[in-house]
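This briefing accompanies the sequence and the model displayed here, and its points are grouped by topic for reading alongside both.

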Amino acid sequence: MRNRSPRTFLVYCAAAVVMTMSLAVSCAFGQPASETPAKNQKISILILGEDPWTGGTTVRWLVSFAEANRIELEITHKSSSGVSLADAVAALVQRGSDQPRWNVAVVFETPHRILIQRHESDISADLADLSTLADRIVWACSPVPGDPEAYESERLALAADLVDDGRLVVAPINAARREAAALGEHSLSTDGPSLAGDYLAACVLFEAILDSYPSNLPHETQLDDGTALRVPENTAIQLLRGATKAVDGFRRLGHPIEQYAADLAAPLQLKAGETVLMTTEEGAIPLLTDWNNDGKIDLAISARRRGRLDVFLNGGTDQQPELRPHRWMGPDLPQTGAPWQAWGNLGTTVYQVVDVDGDRDRDLLIADSQGNLFLCRNNGTNVFDTPSPLATAEGTLRLPYLTGAWLGELDGDRNPDLVLGDASGRVFFTTTTTIDGRVVWKAPKPLTIESLELHLPGDAAPVMGDWNGDGKADLLLGCHTGSVLWCENASEDGKLALRPPLTLIAPCTDEYLFSFPVREGSDLWEPVPGWSSYPALGDLNGDGTIDLLVGDTNFLITKYRDLTPQEQETIRTLQARRDELEARIAKLSEVPLDLKAELLEITLNLVSVAQNRRYTRCGWIWFFARGSR
């Protein structure tokens with residue numbers, strides 16, 4: 001989950017606490033408030049899109065909730081079928097002054113969009129347009145039938161983050177349905193629509209629209225002249241209780257994404273002997289390969305945009321690797337034979353060590369500062385030929401603002417594929433074709449998942465590898481926030497299909513909060529995986545399981561002076577309070593946002609007082625063994 005700014009974090013937590021108190025007074029956990037609703041209150045609602053779960057039954061129950069509480073709803077339904085939400089909103093905005101303004105806009109968004117388009121600009125742009133149409137925006141986070149628990153949990157976490165925008169309320173229908181299922185009613189299943197589930201979803205929407213739960217509960221809704229749906233009184237009260245618990249928990253706890261996936265061990269910095277492996281100035285890209293064909297995995301580290309490649313051979317065993325310096329290649333080291341040395345040391349990046357022609361010699365996939373892609377072929381003795389461009393029908397394959405590139409086979413048609421990432425967070429896909437007997441690369445196109453363009457929070461770094469052991473190469477993605485995502489490969493018959501991304505490593509703190517990366521559960525100033533993550537896959541410890549390596553952009557922190565006695569006392573006081581809060585949090589299975597906000601505020605104060613540290617930009621390599629923490 002993207003970390004919130006301190007001010008937004010505190011305001012959000014305060015709102016959550018006030019809401020919890022309000023619910024305790026007015027709802028009394030299933031006992032409706034006795035106040036009579038305002039007589040004939042009228043609310044105009046724009047419903048944009050379709051509820052993918054029920055096809056309209058939830059809206060019918062919503063109307064019945066309103067009628068039972070003497071509220072008149074004027075509903076305008078705008079279908080977004082066949083077009084994106086952005087296009088549907090733009091069509092409404094373009095009508096200008098003749099377009100009515102609604103009190104509330106309820107948005108039934110494509111369920112997986114929040115997973116696929118994670119760049120903050122995507123949904124924020126739609127919210128900006130929607131705010132010109134309605135005073136309040138309700139984001140209906142509906143469940144997806146048959147979705148694994150991991151997808152539902154991650155959607156909740158990302159939806160909770162949306163409220164940072166300040167212009168909308170999230171209606172966590174998926175969380176509420178899951179809570180209802182936990183009540184033990186046979187019909188309350190999250191695997192498909194149900195009468196009780198639709199009733200509960202309507203209750204959650206009612207609360208999101210009016211900022212309060214219904215005082216009176218309807219027991220019947222009319223679908224048409226001959227069809228009515230009925231819910232027993234005791235069931236209605238039970239569902240209200242479930243809705244209250246789900247919404248309160250959603251807003252109070254925020255459903256944060258775990259820092260590291262459950263099957264990843266705690267990260268370790270890779271070392272050669274006692275020396276921590278790192279690049280200077282720019283970030284690091286880890287490249288696992290058998291450099292000398294001795295059957296053991298070696299490591300090469302590419303310095304982004306510096307044209308340098310450092311090779312470390314494994315002098316130990318597969319089970320106990322010992323990395324030893326072997327070779328340095330770069331324009332500043334001409335004697336080492338970097339074939340791109342004439343280009344200078346700005347902009348060049350080695351993105352992959354790969355055998356492109358099956359001769360068991362490792363070739364290099366590189367790019368220059370303009371995003372032009374080249375291959376440096378190995379002549380068999382680890383001497384590399386002059387870079388040869390990856391050809392297209394028009395010239396050299398190029399992607400402006402390139403930040404990642406990987407050759408492999410992704411769509412199952414046995415032809416080479418190439419995935420590319422750029423600085424804006426977009427991911428592109430291309431493959432080869434034959435024109436007049438010449439094999440060339442097609443123009444890269446944005447990679448889509450469920451017809452949505454994959455968009456990450458900057459510095460997209462795609463790589464391929466079989467993460468789940470099903471024999472297909474999956475797509476792993478690094479990005480600017482420091483998170484690492486996994487897209488399962490669902491391709492069949494040569495047609496590319498990927499599942500929406502799930503988080504393996506959560507984002508670290510935003511750069512505007514601290515001048516160095518900080519992660520929950522780690523000591524302040526302790527080295528942790530940082531920004532602009534770049535993943536790599538391989539069995540580095542020889543246990544037969546694919547592990548995860550991650551390169552980052554980070555800061556080496558060194559002290560350059562002693563603190564004054566006054567500074568030391570202030571830091572001791574703040575540190576003691578921070579340690580106390582962390583101890584309290586460690587004992588809680590669910591951590592309220594107000595405690596997290598207090599911890600963040602104390603941490604910010606600590607950093608501002610400790611002005612005796614120097615921060616030097618660098619890149620490190622982190623090893624995550626596959627197993628469990």
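Leu524 touches Phe516, Val518, Arg578, Thr603, Leu606 and Val607, leaving out residues up to four places away in sequence, where contact means heavy atoms within 4.5 Å. The model is predicted, so that local features need pLDDT of at least 70 and side-chain atom pairs count only at pLDDT 80 or more, while totals for chains, interfaces and linings use all residues. Residues are numbered from 1 along each chain as its sequence is written, and side-chain values use heavy atoms, with hydrogens and water left out.

- Leu524 is found in the loop between strand 30 (502-505) and strand 31 (531-538); helices (H or I, at least four residues) and strands (E, at least two) are DSSP runs, numbered from the N terminus.
- Leu524 counts as buried because its relative accessibility is 11%, where buried means under 20% relative accessible area, exposed over 50% and partly exposed in between, with a 1.4 Å probe and protein chains only.
- Thr603 is 79 residues from Leu524 along the chain, yet the C-alpha atoms of the two residues are separated by 7.8 Å.

**The chain as a whole**

- The protein chain contains eleven helices and 33 strands, and 54% of its 629 residues count as buried.
- Among the contacts in the protein chain with a separation of 6 or more, 63% are accounted for by residues 24 or more positions apart.

**Ile47 in strand 1**

- Ile47 has its place in strand 1 (residues 41-48), and it counts as buried because its relative accessibility is 4%.
- Leaving out residues up to four places away in sequence, Ile47 touches Val59, Ile75, Thr76, His77, Lys78, Val106 and Phe108.
- One of these residues, Ile75, is 28 residues from Ile47 in sequence and 7.0 Å from it in space, C-alpha to C-alpha.

- Helix 2 (residues 57-68) has twelve residues and reaches 17 Å from its first C-alpha to its last, close to the 16 Å expected at 1.5 Å a residue; the expected span of a helix is 1.5 Å times one less than its number of residues.
- Nine of the twelve residues of helix 2 are buried, so this helix is largely enclosed by the rest of the structure; the buried residues are Thr57, Thr58, Val59, Trp61, Leu62, Val63, Ser64, Phe65 and Ala66.
- Just after helix 2, Arg70 takes a positive phi of about 60 degrees.
- Helix 8 (residues 195-210) has 16 residues, which should span 22 Å at 1.5 Å a residue, and its end C-alpha atoms are 23 Å apart, in agreement with that value.
- Because 14 of its 16 residues are buried, helix 8 is largely enclosed by the rest of the structure, and Asp211, which follows helix 8, has a positive phi near 65 degrees.

**Nonpolar cores**

- The largest nonpolar core has 104 residues, of which Leu364 and Leu373 touch the most other members; such a core is a set of buried Ala, Val, Leu, Ile, Met, Phe, Trp, Tyr and Cys residues joined through side-chain atoms within 4.5 Å.
- Helix 6 (residues 149-162) gives the largest share of this core, seven residues.
- Domain 1 (42-243) and domain 2 (281-333 + 340-558 + 620-624) both give residues to this core, so it lies between them; the domain bounds come from an automatic or database domain assignment.
- Apart from this core lies another, of 39 residues, among them Val59, Val104, Ala236 and Leu240.

- Asp368 has its place in the loop between strand 17 (363-367) and strand 18, and it is buried, with a relative accessible area of 17%.
- Leaving aside its neighbours within four places in sequence, Asp368 is in contact with Trp343, Gly347, Thr348 and Phe374.
- Asn382, found in the loop between strand 18 (373-376) and strand 19 (388-389), is buried with a relative accessible area of 17%, and its phi is positive, near 60 degrees.
- Asp459 lies in the loop between strand 26 (452-453) and strand 27 (461-465), and its phi is near 50 degrees, a positive value in a residue other than glycine.
- As background to these angles, most residues other than glycine have a negative phi.
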